[in-house]
Amino acid sequence: CARPRPHPCSSLPAGSQLPCFHGSSTIRNLKERFHMNMTEEQLQLLIEQMVDGSMRSITTKLYDGFQYLTNGIM
């Protein structure tokens, strides 16, 4: 079962006037990205899959090259 942990979105101000929080699905979509319903094991597998996919992605390689050329970051 999923381990209880505080939701990162719980500190968002209710009724925020910021335009980025307007719309019925904005907060819901943000909360879904945290996968709070998953167990630690499920999260670990998901993160490993995400990292693996990113390491094989051409866009990641292009962005890394851009960061290296412009900022010396590798």
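## Salt bridges

Let's start with the charged pairs: this predicted model has two salt bridges, counting a side-chain nitrogen of Lys or Arg within 4 Å of a carboxyl oxygen of Asp or Glu. One of them joins the side chains of Glu 32 and Arg 28, at 3.9 Å from N to O. Glu 32 and Arg 28 sit four residues apart in helix 1, so about one helical turn separates them. Glu 32 is partly exposed, at 48% relative accessible area, and Arg 28 is partly exposed too, at 46%.

Asp 52 and Arg 56 also meet through their side chains in a salt bridge, with 3.0 Å from N to O. Here Asp 52 is partly exposed, with a relative accessible area of 39%, whereas Arg 56 is exposed, at 60%.

## Overall build

What is the order of the elements from the N terminus on? They run α-α-α, and the protein has three helices and zero strands.

Of the 74 residues in the protein, 9% are buried. The protein exposes about 6300 Å², and carbon and sulfur atoms supply 61% of that area. Among contacts with a separation of 6 or more, 50% come from residues 24 or more positions apart.

## A nonpolar patch

Which residues form a nonpolar patch on the surface? They are Ile 47, Val 51 and Met 55, which together have about 290 Å² of accessible area. Met 55 belongs to helix 2, which covers residues 40-55. With a relative accessible area of 58%, Met 55 is exposed, because the cut-off for that class is over 50%.

## The aromatic pair

The structure holds one aromatic pair. Its partners are Tyr 63 and Phe 66, with ring centres 6.4 Å apart and 35 degrees between the planes, a tilted arrangement.

Tyr 63 and Phe 66 are three residues apart in helix 3 (residues 58-71), so about one helical turn lies between them. Phe 66 is partly exposed, with a relative accessible area of 47%.

## A loop residue with positive phi

His 35 is worth a look in the loop between helix 1 (26-32) and helix 2. Its phi is near 50 degrees, a positive value in a residue other than glycine. Most residues other than glycine have a negative phi. Is His 35 buried or partly exposed? At 27% relative accessibility, His 35 counts as partly exposed.

Definitions and conventions: Residues are numbered from 1 along each chain as its sequence is written. This is a predicted model: local features need pLDDT of at least 70, side-chain atom pairs count only at pLDDT 80 or more; totals for chains, interfaces and linings use all residues. Side-chain values use heavy atoms; hydrogens and water are left out. Patches are made of residues with over 30% relative accessible area and no salt bridge: like charges are joined within 9 Å, nonpolar side chains (Val, Leu, Ile, Met, Phe, Trp, Tyr) within 5 Å. Accessible areas come from the Shrake-Rupley method with a 1.4 Å probe; for residues, only the protein chains shown count as cover. Helices (H or I, at least four residues) and strands (E, at least two) are DSSP runs, numbered from the N terminus. Buried means under 20% relative accessible area, exposed over 50%, partly exposed in between (1.4 Å probe, protein chains only). Rings of Phe, Tyr and Trp (its six-membered ring) pair if their centres lie within 6.5 Å; planes under 30 degrees apart count as stacked, over 60 as edge-to-face and the rest as tilted. Contact means heavy atoms within 4.5 Å.
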